[in-house]
Each structure stands twice: as C-alpha cells, then as structure tokens.
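Me: I should like to learn how to read the features of a structural model in an orderly way. Could you take me through the one shown here?

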Amino acid sequence: MVENTTLKFQNAMNNQYIVATIKKWNTDQFNKKVCNFPGEWNLITSPEELTIENLEKINPRYIFFPHWSWIVPNEVLKRWECVCFHMADVPYGRGGSPLQNLIVRGHKKTKLSALKMIDELDAGPVYKKIPLDLSGSAQEIFERMAPEIFDLINYIVTEEPTPEAQSGIATVFKRRTKDQSKLPESATLEVLYDHIRMLDAETYPKAFIQYGSVRLEFDKAKIDATGELTARVKFIEKF
C-alpha cells in the first residue's frame, strides 16, 4: 500500500505530457485544447524528434500517439507510459487500416479505444472505449474523431485510470495495399460509395480505375435520396 501511494505521489509530481502525431486535424486539436488541460504539454510531429535524448529531457508522465505511422521503439514503451488510439472494439479489429477494414466489412459504427502500448500491435490493455460513427468520408471521420481523442487524453491525464486487459478472441486486420484501392469491377452503388469514401482523406491513396494509360481517381462521393451516386474524378496520365 505504501508503494502504491508513493507511485501515485511521484506521478502527481510529473506534470509533463507529450502528444506525437503527424496529422493536421490532431495538431489543430492540440493547439485548441491542451491549454485547458492540466500540466505542461509538448508536441512531436516527426519520428526524428522521438529520441531517447529528447524524451529524457521532458521525462513525460504519458506519451500519446494519435495517428502515428511508425513503430515506437520498445525502449520507449518500457520507459514511459505510451497511449495509442485505435478505431476498433479490440480485440476485434487489431492491426492495420482499421477504418477501411471496418467499412469493407459493413460496419456503420465502431469504438474508439485508448490503449496502453506494448510490444504487440494493438494488444495492450484498455483505458477506455467510446462510440464512433463511421458515416461520411474518411477525412470527415478523422476530423470528427480528433476532438474525441483529446477528450480521452484529458480523461487519462486527469483520472490516471488503470488500463484493463483485453478479453475475447482477437481478430487482426491486415494493412491494405495501394492496389486494393482499385474500384471493384462488380459491385452495388453502395459498395462503390463505401469504397470511394473510405479512402477519401489527406495522404490516402484514392479509389481508382485504370483506363489504358490513364488512371481515374475518385473522391467526394455522395448518394442522394433517390439512390444516385455521384463523385468527383481526376484523370492522371502519369502516376
């Protein structure tokens, strides 16, 4: 009991926090929200900044990784409490391209899970899950998710909850390849709509078809009340 009390006291004395992210929708939320959070906040936006030397200078209580595209070294995971945010109701949906894999499987809603990071991808214990709607384009979903992530960050910093181990059978998604962005040749309008919207976000490979030497890329998909599907198309001669 004395050890637990000492640990909590040490944690309370450490009011340094880091958010590591590469997406504008997350940096915008960082600039908007953390000024109202307790403690001192630091932003990392490239893997070159995530060094042991830099982390030792800050010695954060938590490092939060919303939308981080690189493997975090085990040495970092062992020395600091690292938190990621995965848009699946883990242990279902561990792994890569969760948004696209969920939509392809017909999911309309999911859970946004805050996880303690361990050396196995998306397998760490859970701090909290909250509902997440999967309607709209990928860009709209990511932008809608960003403030939810920072609400979870505030919850973790304020409450310091003990994460609970995942339970149930794991379902692991495979990271999708660029070739899988090609529109299916035989599909309903709803499937085509889902395929276009799930790839419609900054830096993501757009849905496409190949027409001879020209690639046609699609975004801004809409289905109106009559069931008519429209989308914007861009013709690319060299890709």
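Reply: Let us begin with a term: contact means heavy atoms within 4.5 Å. In this predicted model, Ser137 touches Arg197 and Asp200, not counting residues up to four places away in sequence. Ser137 belongs to the loop between β7 and α6.

Me: Is Ser137 buried or exposed?

Reply: The general idea is a cut-off: buried means under 20% relative accessible area, exposed over 50%, and partly exposed in between. Ser137 has a relative accessible area of 12%, so it is buried.

Me: How many helices and strands does the protein chain hold, and what box does it fill?

Reply: The protein chain has 7 helices and 11 strands. Its C-alpha atoms fill a box of roughly 70 × 35 × 30 Å along the principal axes. Of its 239 residues, 46% count as buried. Among contacts with a separation of 6 or more, 61% are accounted for by residues 24 or more positions apart.

Me: How does one compare the length of a helix with expectation? What is the case for α6?

Reply: The expected span of a helix is 1.5 Å times one less than its number of residues. Helix α6 covers residues 138–159, and its 22 residues should therefore span 32 Å; the end C-alpha atoms are 31 Å apart, which agrees.

Me: Where does α6 bend?

Reply: The bend, of about 25 degrees, is at Ala146, and a proline, Pro147, follows within four residues. Just after the helix, Glu160 adopts a positive phi of about 45 degrees.

Me: Which residues of α6 are buried?

Reply: The general idea comes from helix geometry. An α-helix has 3.6 residues a turn, so residues three or four places apart point the same way. In α6 the buried residues include Ala138, Ile141, Phe142, Met145, Ala146, Ile149, Phe150, Ile153, Ile156 and Val157.

Me: Against what do the buried residues of α7 pack?

Reply: In helix α7, residues 189–197, the buried residues are Leu192, Tyr193, Asp194, His195, Ile196 and Arg197. They pack against α5, α6, β9, β10 and β11. In strand β10 one finds Ile223, which is in contact with Leu189, Glu190, Tyr193, Glu228 and Leu229, leaving aside its neighbours within four places in sequence. With a relative accessible area of 36%, Ile223 is partly exposed.

Me: How should I read a polar contact made by a side chain? What does the side chain of Asn101 reach?

Reply: One looks for a pair of N or O atoms within 3.5 Å. Asn101 lies in helix α5, residues 98–104, and its side chain reaches the backbone oxygen of Ser97 at 2.9 Å. At 7% relative accessibility, Asn101 counts as buried. Leaving aside neighbours within four places in sequence, Asn101 is in contact with Gly96, Phe173, Lys174 and Arg176.

Me: Which backbone atom lies 2.8 Å from a polar atom of the side chain of Asp122?

Reply: That atom is the backbone nitrogen of Gly95. Asp122 is placed in the loop between β6 and β7, and the C-alpha atoms of Asp122 and Gly95, 27 residues apart along the chain, are separated by 6.5 Å. Asp122 counts as buried at 10% relative accessibility. Its contacts, beyond neighbours within four places in sequence, include Cys84, His86, Val90, Arg94 and Gln166.

Me: Which backbone angles deserve a note in the loops?

Reply: The peptide bond from Val90 to Pro91 is cis, with omega near 15 degrees, and Pro91 lies in the loop between β4 and β5. Ser97, in the loop between β5 and α5, has a positive phi of about 45 degrees although it is not a glycine. Thr203, in the loop between α7 and β9, also has a positive phi, near 70 degrees. Ser97 is buried, with a relative accessible area of 12%, whereas Thr203 counts as exposed at 68%.

Me: What is the volume of the largest pocket, and which residues are the closest to its centre?

Reply: The largest pocket has a volume of about 1,100 Å³. Of the 44 residues that line it, Trp68, Ser69, Gly96, Pro98 and Arg175 are the closest to its centre. The elements α4, β4, α5, β6 and α6 each supply at least two residues of the lining.

Definitions and conventions:
Residues numbered from 1 in each chain as written. Predicted model: local features only at pLDDT ≥ 70, side-chain atom pairs only at ≥ 80, totals over all residues. Heavy atoms only, no water. Bend = angle between axes of the 7 residues up to and from the residue. Buried < 20%, exposed > 50% of the residue type's maximum accessible area, 1.4 Å probe, protein only. Polar contact = N/O pair within 3.5 Å; in protein donor to acceptor, adjacent residues only side chain to side chain. 1 Å grid on protein atoms, 1.4 Å probe; cavity = no way out; pocket = protein on both sides within 12 Å on 5 of 7 lines; lining within 4 Å. Points joined across faces, edges and corners; volume = space filled by probe spheres on them.
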